[in-house]
Amino acid sequence: MKLVDAKVADIVEVEEFLAPFCDIETRICSMGVSVGQRARVVSNSFLSPVLLDIDGSKIAISKAEAKKIEVKLLRREK
């Protein structure tokens, strides 16, 4: 599934960047997000960016970028 499809409180793991070796991978990796990284989705509303919590740090990723990040759902919390 793509990161843009994740729900609030989902725990996901980054599997791959769908547009490798482009600006998105460079930008996202520079923020500390890499393949195998686990994150909790803090916010994913319609018009705002996807907000992730990675080891206590909050990272905002635009919807356009989130569409290019493939993730695996590890756990869905309620």
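Analyst: Happy to; we can start with the overall fold and then go to single residues. Keep in mind that this is a predicted model.

User: Great. How many helices and strands are there in the protein?

Analyst: The secondary structure comes to two helices and five strands. Read from the N terminus, the elements run β-α-β-β-β-α-β.

User: And in what order do the strands sit in the sheet?

Analyst: The order is β4-β3-β2-β1-β5, in an open sheet with antiparallel pairing. That leaves β4 and β5 as the edge strands, each pairing on one side only. From one strand to the next, the twist averages 40 degrees.

User: What holds strands of a sheet together, in general?

Analyst: Strands pair through backbone hydrogen bonds, and they can do so in parallel or antiparallel fashion.

User: Let's zoom in on one pair. How many bridges join β2 to β3?

Analyst: Three bridges join them, and the two strands run antiparallel. If you want a spot to look at, R40 stands opposite D53 in β3.

User: Nice. What about overall dimensions: what box do the C-alpha atoms fill?

Analyst: Roughly 35 × 25 × 25 Å, taken along the principal axes. The radius of gyration is 11 Å, which agrees with the value near 12 Å that a compact globule of 78 residues would have.

User: How much of the protein counts as buried?

Analyst: Of the 78 residues, 37% count as buried. As for contacts with a separation of 6 or more, 61% of them come from residues 24 or more positions apart.

User: Which residues in the largest nonpolar core touch the most other members?

Analyst: Those are L3, I28, L52, I61 and I69, out of 19 residues in that core. At least two core residues come from each of β1, α1 (23-30), β2 (38-43), β3 (50-54), β4 (57-61) and β5.

User: Take L3, then. What does L3 touch, beyond residues up to four places away in sequence?

Analyst: L3 touches V12, N44, V50, L52, I61, A66, I69 and V71.

User: Switching topic: is E13 buried or exposed?

Analyst: E13 is buried, because its relative accessible area is 16%, and the cut-off for buried is under 20%. E13 lies in strand β1 (residues 10-17).

User: Which side chain does the E13 side chain make a polar contact with?

Analyst: That would be the side chain of R38, at 3.4 Å. Leaving aside neighbours within four places in sequence, E13 is in contact with G36, Q37, R38, E70, V71, K72 and L74.

User: Last one: is L73 buried, partly exposed or exposed?

Analyst: L73 counts as partly exposed, because its relative accessibility is 36%. Not counting residues up to four places away in sequence, L73 touches M1, D10, I11 and V12.

User: And how far is L73 from F46?

Analyst: They are 20 Å apart in space, C-alpha to C-alpha, and 27 residues apart in sequence.

Definitions and conventions:
Residues are numbered from 1 along each chain as its sequence is written. This is a predicted model: local features need pLDDT of at least 70, side-chain atom pairs count only at pLDDT 80 or more; totals for chains, interfaces and linings use all residues. Side-chain values use heavy atoms; hydrogens and water are left out. Buried means under 20% relative accessible area, exposed over 50%, partly exposed in between (1.4 Å probe, protein chains only). Contact means heavy atoms within 4.5 Å. Helices (H or I, at least four residues) and strands (E, at least two) are DSSP runs, numbered from the N terminus. A polar contact is a pair of N or O atoms within 3.5 Å; within protein, one must be able to donate a hydrogen and the other to accept it, and residues adjacent in sequence count only if both atoms are side-chain atoms. A nonpolar core is a set of buried Ala, Val, Leu, Ile, Met, Phe, Trp, Tyr and Cys residues joined through side-chain atoms within 4.5 Å. Two strands pair if DSSP finds at least two bridges between them. Axes are lines fitted to C-alpha atoms, for helices over the stretch in contact, and angles run from 0 to 180 degrees between N-to-C directions. The radius of gyration is taken over C-alpha atoms; the globule rule is 2.2 Å times the number of residues to the power 0.38.
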